[in-house]
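Here are a few exercises to work through with the model open on your screen. Grab a viewer and follow along.

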Amino acid sequence: MNKSDSEMMNGLLRQKGYLPAAAIEEADLILVNTCSVRAHAESRALGRLGELARLKRKRPDIILGVCGCMAERQRDHLLQKAPYLDFILGPRRLAELPEIVDSVNSRNSPLLCTGPERDPSPPSLHLSLRENNLKAWLPISLGCNNFCAYCIVPSLRGPLKSRDSGEIIKEAESLAENGYREVTLLGQNVNAYGQDRPGEIDFAGLLEQLNAVAGLSRIRFATSHPKDISSRVIDALADLPSVCEALHLPIQAGSNNVLARMKRGYTVERYLEIISQIREKIPKIAISTDIIVGFPGETEDDFEATLALVEEAGFDGAFTFKYSPRPGTPAAEMPDQIPEEVRKARLDRLIKLQNRITQQKNEALIGSEQEVLVEGKNPKRPGFLLGRTRTDKTTTFAGHESLIGQIVNVNITKATTWCIGDW
Ligand code: 5AD
Ligand code: SF4
């Protein structure tokens, strides 16, 4: 979602005539897009702002703005820490960036633009302003109606707002007409798409309509919430030719105690049942997940249950995180916060285990033929190309650059944790 927001802001500025600078010292305008999901991301952004303060002192004419979730969550703190900022723009106000930039020159104190949006539909981006000409992010909803106990996102991005399906389809059609082969539908919880638009189509319905868009070969989506994934979405994954055999389905923890305290709304057993139904219908599917270790009160037994779940589920990949207390969320107030060394040690064990499983999953593909969308040259191996399988695995193989943009079949002869292919 953040990458898509950055792309959107980049596009909005280019529409105004701004061009990318060759080096940060030469820029007239600098935006720091921020994330508040974990404390680490926020402290990196603050560090970056400290560096930019020096540049701003040297060249006070530079326009310097902070955007994204930290702009929303830490507005007052930012004003205090970085009074030299020209503006602070919350994630729901992104469409107002061009106006804000125009108003900066006439003001002395930072402009503040946070809180709920004026127009709930994200601006659409002219194709020539997108960063990639083969694959596109396509936001289908904003915000989230869940209250996972650790998560700051709903309080910053607001409740679920689904975009009009007609607009989404039109955008997908125009992408396809202009040579795009792949779209990734984005939302905090795509499976909830349409719940705020009674009488209109739901997520499975949207997938059906997008599957009918001529020329669009690949449809992906993220993120799915296990409690909302319907059998119709599973059928869409199985039956619609353009919907890729890849599913990102965050489990977050492998212990029912922890899941209940996280307020996730499912048990480990239910999760395993869902993925076994999915694999029965779509044997080749790749399933990836998100896992948080060191949630408050997580015992050694709870953590062992997560390791056991990871073994049993056999994920193709996992994004793994140390729990990070977010002020204002219920989990931050819970007793038995886990010490940093314990969280770190658990994360290391989990990553080691998942890397081994990912490698095994990839090795199991040796001898198979994979359909690959060729995205570019492999910068590390002259004469080789890079692409992705339908299951979203990075693939490399020898080939001429004229294949870039095409879908080809590759016989897999080698596999590591990070890459499969023929080399
Ligand atoms: N601490 C650690 N990880 C978090 N995530 C969300 N909030 C937190 C937090 N407070 C993770 C979840 C989510 C992913 C985007 O970030 O795993 O799925
Ligand atoms: Fe956060 Fe849960 Fe919503 Fe995902 S589903 S954005 S983890 S509250």
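A nonpolar core is a set of buried Ala, Val, Leu, Ile, Met, Phe, Trp, Tyr and Cys residues joined through side-chain atoms within 4.5 Å, where buried means under 20% relative accessible area with a 1.4 Å probe, protein chains only. This is a predicted model, with local features needing pLDDT of at least 70 and side-chain atom pairs pLDDT 80 or more, while totals for chains, interfaces and linings use all residues. Residues are numbered from 1 along each chain, ligands are numbered from 1 in the order written, and side-chain values use heavy atoms, without hydrogens and water.

**Exercise 1.** Find the residues with the most contacts inside the largest nonpolar core.

*Solution.* Start with the core itself: it has 66 residues, and Leu-185, Phe-203, Leu-207, Phe-221 and Phe-295 have the most contacts inside it. Next, look at helix α11 (residues 268-281; helices are DSSP runs of H or I, at least four residues), which gives the largest share, six residues. Then zoom in on Phe-203: its contacts (heavy atoms within 4.5 Å) beyond four places in sequence include Leu-185, Phe-221 and Asn-191.

**Exercise 2.** Work out which polar contacts hold for ligand 1 (N or O atoms within 3.5 Å).

*Solution.* First, a polar side-chain atom of Gln-252 sits 2.7 Å from a ligand 1 oxygen. Second, a backbone N or O atom of Ser-324 is 2.8 Å from a nitrogen of ligand 1. Third, a polar backbone atom of Tyr-150 is 3.1 Å from a ligand 1 nitrogen.

How values were computed
Buried < 20%, exposed > 50% of the residue type's maximum accessible area, 1.4 Å probe, protein only. Helix = DSSP H or I, 4+ residues; strand = E, 2+ residues; numbered from the N terminus. Polar contact = N/O pair within 3.5 Å; in protein donor to acceptor, adjacent residues only side chain to side chain.
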